[in-house]
Amino acid sequence: MPRHSEPHSPPVVHRTARAGLRLTRGQRRRLVGLLVSAGDVWACVLEVNAWRRARQDAPLAGYPALCRELAASGPGCFGELDSAGARSVLRRYSDAWFAGAARRKNGDTSARFPRRRRKMMPVRWYHDTFALDGRRLRIPVARGCSPLRVRLDRDLPYSPGSVRSVTLLYDAGRLWVDVTAEVPVAAYPPGAEPVPGRVAGVDLGIIHPYAVAGPDGQALLVSGRAVRAEHHLHLADTKARGRAVARRAPKPGRRGSRRWRQYRRRQRIVEARHRRRVRQAQHEAARAVIGWALERRIGTLVVGDPRGVLDLAAGRRHNQRTRNWRVGHLIAVLRDKAQQAGIVLTLVDERGTSSTCPACRARVPKPHGRVFCCPRCGLSGHRDLIAAANIAARASGGITPTIPVGVTHRRAGNHLPGASRARRDPRRRPHHGDARGSPGRHLPAPPAAMAGRGVARPTARTS
Ligand SMILES: [Zn+2]
């Protein structure tokens, strides 16, 4: 819901950050109660509309009409949930209903109206209904209930005055708060702002999430090998766990055992952590691209969009690879960060960019390795950077792709376990000996006299 802004005010963008909560058991119970009450509001609207359909009345979908219905139900119907929080559920229903209606009107017969009940629904509160002071958040509750103050588990990157809304939600066994703020578009001192005429091409890939070719032979390669390893380990882990518990899986139509439910819960937690890790790595990679572009005053990023070919079936292994790639998210995070930095981002079709020679325009079969070599003119270079240069040329015809003068290397996902020796991934099978990345053979436990004196040293073993 966009807010009206003053004319001639500086441009702003809306950004959301997620924070966890530090809660007592009682606070957690009350917050879950709010989410369940919001689920009740949602179920009520579905119920009302089911009755109306049965009576062949027009559905109730407009936000004001739904609010009137809520007001008619009177206070006290939805536990501790206040009317502002309940209205945010109505707003969500109304938006979903009209989005579905618009898609059906455009001929998409698979679009459905909201119809599914949820035990919990996210609740959003807009400006002036909550109070956020540092990490302390006061959540509004219905009149007569004791005030609800909670603590966030981290500082938010936004100034207190710029926060527009907070959303309480439940994901994989944890409660979270999404804080949305109005962030001004970056302003630069004269002579440092990005120049729209300076264009860089961005090639999206799996091994290199972003390969960027800019003017003056400058290039950036962001390596995604840590992210790929994370996907690989996660898949192996999921398969192994699935095999281990397959015996306990309920038969069709039977209710699962308590141990089975524990396993399902654990699986959801692990999935959520995996998603968070990949998302974080992709955000960091996009940030590296924007920082690199700003240093070189690049004002336009041209991104090759590969999504046209992703729907083709390519075998289960490759399908899994392209699904893990999450290219839509890669484009979205880069677009968001570019917008905030005042850089223009345009999408072009990337078809054929990694199989065309940038110098003589000859079609070269896509190389299997990373090295591109043209048999006609002899040009060779990094395959992803050649593709990026072709993408840049496709948008503006501006830069002449040459062999890069300076290539900057960055890694996405330095926080991932297994990215370095110090952060070995516990999911990896422990391997001993002097293999690369191995911490080596375990030393014997220190003798009792040495315990409490820190790390046992190898010299202690020789005596
Ligand atoms: Zn050539």
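Leaving aside neighbours within four places in sequence, L31 is in contact (heavy atoms within 4.5 Å) with L21, L23, I139, L148, V150, L168 and L175. L31 and L137 touch the most other members of the largest nonpolar core, which holds 47 residues; such a core is a set of buried Ala, Val, Leu, Ile, Met, Phe, Trp, Tyr and Cys residues joined through side-chain atoms within 4.5 Å. Helix α1 gives the most to this core, with eight residues, while a second, separate core of 31 residues includes A281, I290, W292 and I343.

This is a predicted model, in which local features need pLDDT of at least 70 and side-chain atom pairs count only at pLDDT 80 or more, whereas totals for chains, interfaces and linings use all residues. Residues are numbered from 1 along each chain as its sequence is written, and side-chain values use heavy atoms, with hydrogens and water left out.

Helices (H or I, at least four residues) and strands (E, at least two) are DSSP runs numbered from the N terminus. Helix α1 covers residues 25–54, and its end C-alpha atoms are 43 Å apart, which agrees with the 44 Å that its 30 residues should span at 1.5 Å a residue, the expected span being 1.5 Å times one less than the number of residues. After α1 comes Q56, whose phi is positive, near 60 degrees.

Strand β8 has two partners listed below, where strands pair if DSSP finds at least two bridges between them.

| Strand paired with β8 (residues 195–204) | Sense | Bridges |
|---|---|---|
| β11 (residues 298–305) | parallel | five bridges |
| β9 (residues 210–213) | antiparallel | four bridges |

Within these pairings, V195 stands opposite I298 in β11, and L204 has Y210 of β9 as its bridge partner.

C357, in the loop between β12 (344–349) and β13 (371–373), and C377, in the loop between β13 and β14 (380–382), are 20 residues apart. C357 is buried, with a relative accessible area of 0%, whereas C377 is partly exposed at 41%; buried means under 20%, exposed over 50% and partly exposed in between, for a 1.4 Å probe and protein chains only.
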